Amino acid sequence: MHYDSLKPSDAEIIAQVIEGNINAFETLMNRYRDMVLKIVKKRVPFSNLEETAQDVFIRAYQSLPTFKGKSNFSQWVSSIAVKTCYDYWRKAYRSQEVSMSSLSEQRQNWLEEAVSDPSESSLDEKVVQKEGLELLDWALGQMSPEDRMVLELVYLEGLSGKEAANILGWSLANVKIRSFRSRRKLEKLLSGFMKK
Amino acid sequence: MKAVKKKDRDRIRKALTAVYYEKEKGEVGEHWPSRVMGQIEALGPLNLTETYFELFERLLWRLAPAACVLVFLLSIALFSMDFVPGYEIAGWLTEDPAEFSLLGLFS
């Protein structure tokens, strides 16, 4: 007998949670914890990771009665995770917590080197340098929360406009326009710091 | 400021994407899952009773097609009865101009 057939399906667990068995939600959380954490880690500062990921599961729990099973549960919870990160940045922008500092020389050098030496070995070294992370955070910090979300999904993760639109619950036209504008803005920002 | 060539744009994207995925490596604390479950348990079982507004919203959309059909049927009925409000009012006005009042139409 296949072991997976003994495991309750997502739909069965959801039905149990809705009927009042709160502890059944832990099984769902364990199943999708790594996936949600991966989504959140890439999008919010590490210091806010635990709190934001917690919000994702609380939202998922509270919204469970609205889950109609049209998409699979992993897609549904991914969408909640991305939207929770979006809300995090909206709040952060409102409370002026986003750093608007200028780009330091070390980060400019990192960018120059990444462009001039595209070899895989060089890229592996560059990725672990903190200047790269600072540069990415700085560039994303110059974007609006909406542009930031689209840039992450389309430009960095390589999702299609339609996939990004489904996750964010926006129209395809909105995603396409934002994707085009935010990419141009990013390139303009970075080219401004590249030495002649 | 110089324009970035396509080749350079691709390299920038590749480098930024690699950095972006590097962020996945951080770990949450050992007790984080139990804290989340604690928060969820504190919320209690899900409340499935609908508020009046939710009930109204759901019924409103269900009744919308029936309302459209009703309006359509009433329009056909009024046209088939040759009822033209303008002509009807003008008719009453010309029949008895001294006694005519709009309120009288509804009495």
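Modeller: Begin with chain B, which reads α-α-α-α-α along its sequence. That is five helices and zero strands. Of the 107 residues in chain B, 7% are buried. Keep in mind throughout that this is a predicted model.

Now bring in the partner. Where the chains touch, 40 residues of chain A are in contact with 33 residues of chain B. On the chain A side, the elements that each give two or more residues include α1 (10–18), α2 (24–43), α3, α5 (105–116) and α6 (120–127). Also among them are α7 (130–141), α8 (145–156) and α10 (172–193) of chain A. The largest share comes from α2(A), with eight residues. Sorted by class, this side of chain A has 26 nonpolar, five polar and nine charged residues.

One pair of helices shows the contact in detail. The crossing of α3(A) past α2(B) is right-handed.

Which residues meet there? From α3(A) come Glu50(A), Gln54(A), Phe57(A), Ile58(A) and Tyr61(A). Facing them from α2(B) are Trp32(B), Val36(B), Gln39(B), Ile40(B) and Leu43(B). By class, the residues of this contact are seven nonpolar, two polar and one charged.

Chain A also has a contact within itself. Its domain assignment gives domain 1 (1–98) and domain 2 (100–196). Nine residues of domain 1 and eight residues of domain 2 take part in the contact between these domains of chain A. On the domain 1 side, helix α4 (residues 73–94) of chain A provides the largest share, seven residues. The residues on that side of domain 1 divide into five nonpolar, two polar and two charged.

To return to the request, the place where the chains meet draws 40 residues from chain A and 33 residues from chain B.

Definitions and conventions: Residues numbered from 1 in each chain as written. Chains lettered and ligands numbered in written order. Predicted model: local features only at pLDDT ≥ 70, side-chain atom pairs only at ≥ 80, totals over all residues. Left-handed = near helix turned anticlockwise from the far one by under 90°. Helix = DSSP H or I, 4+ residues; strand = E, 2+ residues; numbered from the N terminus. Contact = placed C-beta atoms within 7 Å. Nonpolar A, V, L, I, M, F, W, Y, C, P; charged D, E, K, R; others polar. Buried ≥ 20, exposed ≤ 12 C-beta atoms within 10 Å, placed from the backbone. Domains from an automatic or database assignment.
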